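Here is a friendly walk through one protein chain, with the sequence and fold open beside you. Have your viewer ready and follow along.

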Amino acid sequence: MTTARVADILPLTSTQQGMLFHSLYDTSGPDLYAFQIVLGLDGRLDAARLRAAGQALLDRHDTLRAGFVHETVREPVQVIAAEATLPWAEHDLRELDADAREAAIRQVLAEDRARRFDLAKPPLLRLTLIRCSGDHHVVVLTNHHLLYDGWSLAILLRELFRLYAGEPPAGLPRLVPYREYFAWLGKQDGAAAREAWNEAVRDLEPTLLAPAASPGTAPEVREHELALDEPATEALIRLARSAGVTLGTVCRGAWGILLARLTGRSDVVFGTTSADRPAGLPGAADMVGLFITTLPTRIRAAPAATAPELFADLQRTQAELLPHQHLGLPEIQRLAGRRDLFDTLVVFQNYPLDEDGLAAGSGLRIRSLAGQTSTHYPLSLTVFPGKRLRLQAKYRTDHFTETEAETLLARWARLLASLGSAPDAPLARHDILLPGERERALTTVNDTGEPRLQPSVPEMFARSARARPEHAALVAGGPAIAYGELASDVDALAAHLVRHHGIGPETVVALLVPRSPAFVTAVLAVLRAGAAYLPLDPAYPRRRLAHMLGDAGARVLLSTAEVEIPETDVPVVVLGQPLPVAPEGGFPPPQPGHAALLIYTSGTTGVPKAAVLTHGALANRFRGMQEEDPLTAADRVLHKAALGFDAAAWEILWPLTHGATVVLAEPGDERDPVRLARTIERESVTLSHFIPSMLREFLDAVEGGRCPSLRRVLCGGEVLTATLRDHLFEKFDVALHNRYGPTETAIHATHHRVDRTEEAVPIGSPVLAMRAFVLDGFLQPVPPGTTGELHLTGPQLARGYHNQPALTATRFTANPYGPPGARMYRTGDLVHQDHHGHLHFHGRTDTQTKLRGHRIDPTEIDTTLTTHPHITTTHTTLRTDNPTTPNSPPTSPPPNPSTPENSAASRRTGFPPTWCRRRS
C-alpha cells in the first residue's frame, strides 16, 4: 500500500492486538478469526445490484478498508486505504440436482472459510453469490474479525439491503468515524482503571477447565447447540426480572456456578465478551468497527447463597467495572500476574439484528441466516436469546471430545432450568448431573454389600488356634511359635491385665514393645480383654511418647526389659515373666462399637491426634481382605511395617485371624532391600506389603528371579505409578494389589487388583460394606471423570479423634446420602472416578504430605520448630529433588558445638543439641 492511497492510520484496540497475534501465530490452517455469514434468500435477485451495494458499503465505511501492518513499525497499526475493490465471486449451481447442489454449496463454503486473508492487504472481506434455483440464492459475506464486531454486522447488513433496494448512500445514517473511538480511549483515566481491576483480580487464581491439548492432534473448531424449552426460558426471564438483572447476567452467573461445581472451587473466573460502545461517545451505537472486549468475570459461589443473591452481586460488580472496560485483557492479566486466567469464554448475543425486517423493501425474503466463527479458546459458549434460549458451544478438538463438549452444554442447560424452577433454593441444591449419573455415583459404584455383624478379631484368632493348634503362627528368626502356644500366652496376658489392672472395654493399653513375638502377643491380649491398644514405636522421641501416653489416658503400659521407658505416671508391665494359665471362658467377646486401636497421626493443630478404631471396624476390614484376596494356611505374610503405622495391624491380624503364618522381619530389614530379600527367601514369604518408595528401592537393588516364594505384593501409603508397576512385573511374577485408606477408615477403604494394561493405576473401589462419594464443595456428587474430594462412609469409620470433639466434628460429618445418624469422613484427598467406578488419586485439599507412607502435616513440624527460642517463622516442605532417594527428607543441619544454651533449648524442644544453633 503506497502513501498516496492511504486515507488514515489508526492504532489497534487491545482486542485487535490479541486477534492479530493469534492470526499471525498459526498460519497452518484456516484463520480462527475469519467470520462467515451465510444468508439464504428467496426472490428475484439482481447480481449486479448486489455487487454494487457491497461496493458502496465498502466505499462508505473506512474501517472496511483497513489493512494491518506489523513488520515495519514499532507497534502494529491499521492502515485505511483510500479506496478498495470488493472481492466478488459467483457460482451458478442451478443445473445440479438437489443432493449435488447441497454438496456443492458445502464445498464452496468450506473453500471460502479456508482461504486466508492477507492481513496487510485490504479489503479483508469478500462477497459471494451462489445461485441455487430460479428464486433461491445463498449470499456469503466473509470478513476478518479484526474489522468489526457482531453489532457492526447488524448495521452493515441493514445498510447492504437498503443500498440494494436503491437507497442512495446519502440517505443512510450519518457516519461517525472510527477514529473518534480512539480519541475517546485516549481521554480515559488509565490509573483509575488499573486500580479498579487490580482490586477485582486480587488473589484471583486461574480457572482452567480444559484438559491438556492432545499431542499430535491437528486442532479443529467444532460446535454443538441445544435449546431450552419455552417454559424453562420464560422461568429464566422471570428470575432475571425478580432479581433485577439481565438475562445475560443469569446465563453468565449460571456458567460460573457450573465452573465452581466442576472445579471444586467457590471462587472462579471465566472470560466474557461484551461490546464496549461507550455511552459517553456520541454516535457510538451506529459506528462500524471492533468494539468488543474480552474481560475476566469472577464468580464467588457460596453453597448457601441463592441464585438471585449471586446474580445481583455479579451485576453490581460488573456495573462498577463498566467505566473501566477500556483497559483491555492484556493489562488486566498483567495486574493479576497470570496470562492464563481462564480458558472458557461466554458471549451473550444481543446485537440488534431483526431478521424479519432486514430485507424489507428489497424484494427479497430471508429464508435463513447463519454464522461461522471460530475461537482460540478451548471452549467458547454463546447464548442466543429468543422464545427458546439457544446455547452454543464451540470447542477445540485438541482439548475436548465431541461427547465432552455436548455433556458440558447439557449440564449448563440443566443448571439453568434448575435455577429457573427453584430460584430461592441454595446453590448447593441445584443439580448438574445428567439422568442416571446420580444413581451411579451414589449407589451403583457403591454396591459393596450391607454392613453385617462379624466375629471379632479375638474370636477369629481363637477359631484359627482351635482349628490348627500345631500350625506355625509366628516366625521370628528362631523356632516357630504355634497357634496353640500363642493362644495360651495371649489368654494368660489378657487374664493378667483384666485381673490386676482392670483392663476391659473402653480402656487403653499402651504397647512400647519392639517388633517381636511379645508385641504380637500383647496386641492380641489387649483385644482379647476387650480393650484398645495404643502402639508406641520405641524409635519415637521421648517427648512424643510421653505426649501420646498422657493424651490417650493409657491405663497401663506394656514394655520389655531392653526398652527405655519415658517418664510417665502410667503403671508399667514388663513382658517376659511367666504368667498363670488363664481360666477358660473368661473373656466375653468385645462389642463392635468398643474401641480397639488408637493410631496417632500428624495433626493440623501442631500436635498429633489419635484416631479411635473400633473392634467392629477391624473385624470388617479383615473379613473384607479375606474376601478380596483369600489367605490360606500355606501363606506366610511378612510383618515389617513401623509399629505406629496402621499397616502393622493388618500385617499381624489378618493372617492370624485366618490361619496363615506371620514372619517378623528383623530390625533394619524394612530399610535395607537386600536384607529384606534374604528374609523373604529364607522364610519363604508369600505376601509382602510395600509402600511404593520402598518398592522402588527393592526393585533397584534385587535381581529378577530372587524371592521365588513371593506370590503377592500389596501396595499402599503412596501413589503407585504405572512405571513402578511395570518395573515390578518385569522382575517378579506376582499379583499386585493397590490399597488406599486413611487411618480414620480402619487401614483400607478401597482396593484394586492391578492390571498390567491400565494407563494409570487406580486406588480402587470401596471395600466390603464401605461407600465412597466423590463430592464437590457443595457436598454434591461430581460428574463422572471430574475431580472432587473423597468422602468415605461405612462400618470401618473411626469413632473420631480421641478427646478432640471439635476436630472430630469437622472431619466426621453427617452423611446426607445415608440413613438418619449416618456419618462420613472427609478425607481431604482429591480423586476422580473413571467409567469403571475406579478411583484415581490427584492430590490433597491441604498441605498434608506423605513421607515413606507416613502422613505428615507440615503445620505440626512448623509448630514444633517455632518453640525454639531463636526461630520465629518456618516453612516446611517435602524435598523430592534427590535423584537417588526421591522421598528422602532434607539433610540434617551441620553439627554445632554443644553449649549450655543449646542443651537447654534441646530439653525444651526435643531437638538434638547440635541442631540448636542461634541465628546470626
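## Nonpolar cores

Please keep in mind that this is a predicted model. Its largest nonpolar core has 111 residues. Leu558, Trp650, Leu656 and Phe698 have the most contacts inside that core. Another core, of 59 residues, lies apart from it, and Leu20, Ala56, Ile80 and Leu147 are among its members. In soluble globular proteins, nonpolar side chains tend to be buried together.

Leaving aside neighbours within four places in sequence, Leu656 is in contact with Phe461, Ser464, Ala473, Leu474, Tyr483, Leu486, Val520, Leu524 and Val662.

## A sheet of 3 strands

Now turn to the open sheet, where 3 strands are arranged in the order S1-S4-S3 with antiparallel pairing. Strands S1 (6-10) and S3 (66-69) stand at the edges with a single partner strand each, so one side of each has no neighbour in the sheet. On average, neighbouring strands here are turned by 25 degrees against each other, direction ignored.

S3 pairs with S4 (residues 77-81) over 4 bridges in the antiparallel sense. Ala66 has Ile80 of S4 as its bridge partner. Ile80 also belongs to the core of 59 residues.

## Helix H8

How many of the 17 residues of H8 are buried? The count is 16, so this helix is largely enclosed by the rest of the structure.

H8 covers residues 247-263 and reaches 24 Å from its first C-alpha to its last, close to the 24 Å expected at 1.5 Å a residue. Just after H8 comes Gly264, with a positive phi of about 75 degrees.

Definitions and conventions
Residues numbered from 1 in each chain as written. Predicted model: local features only at pLDDT ≥ 70, side-chain atom pairs only at ≥ 80, totals over all residues. Heavy atoms only, no water. Core = buried A, V, L, I, M, F, W, Y, C linked by side-chain atoms within 4.5 Å. Buried < 20%, exposed > 50% of the residue type's maximum accessible area, 1.4 Å probe, protein only. Contact = heavy atoms within 4.5 Å. Pairing = 2+ DSSP bridges. Helix = DSSP H or I, 4+ residues; strand = E, 2+ residues; numbered from the N terminus. Axes fitted to C-alpha atoms, helices over the stretch in contact; angles between N-to-C directions. Expected span 1.5 Å × (residues − 1).
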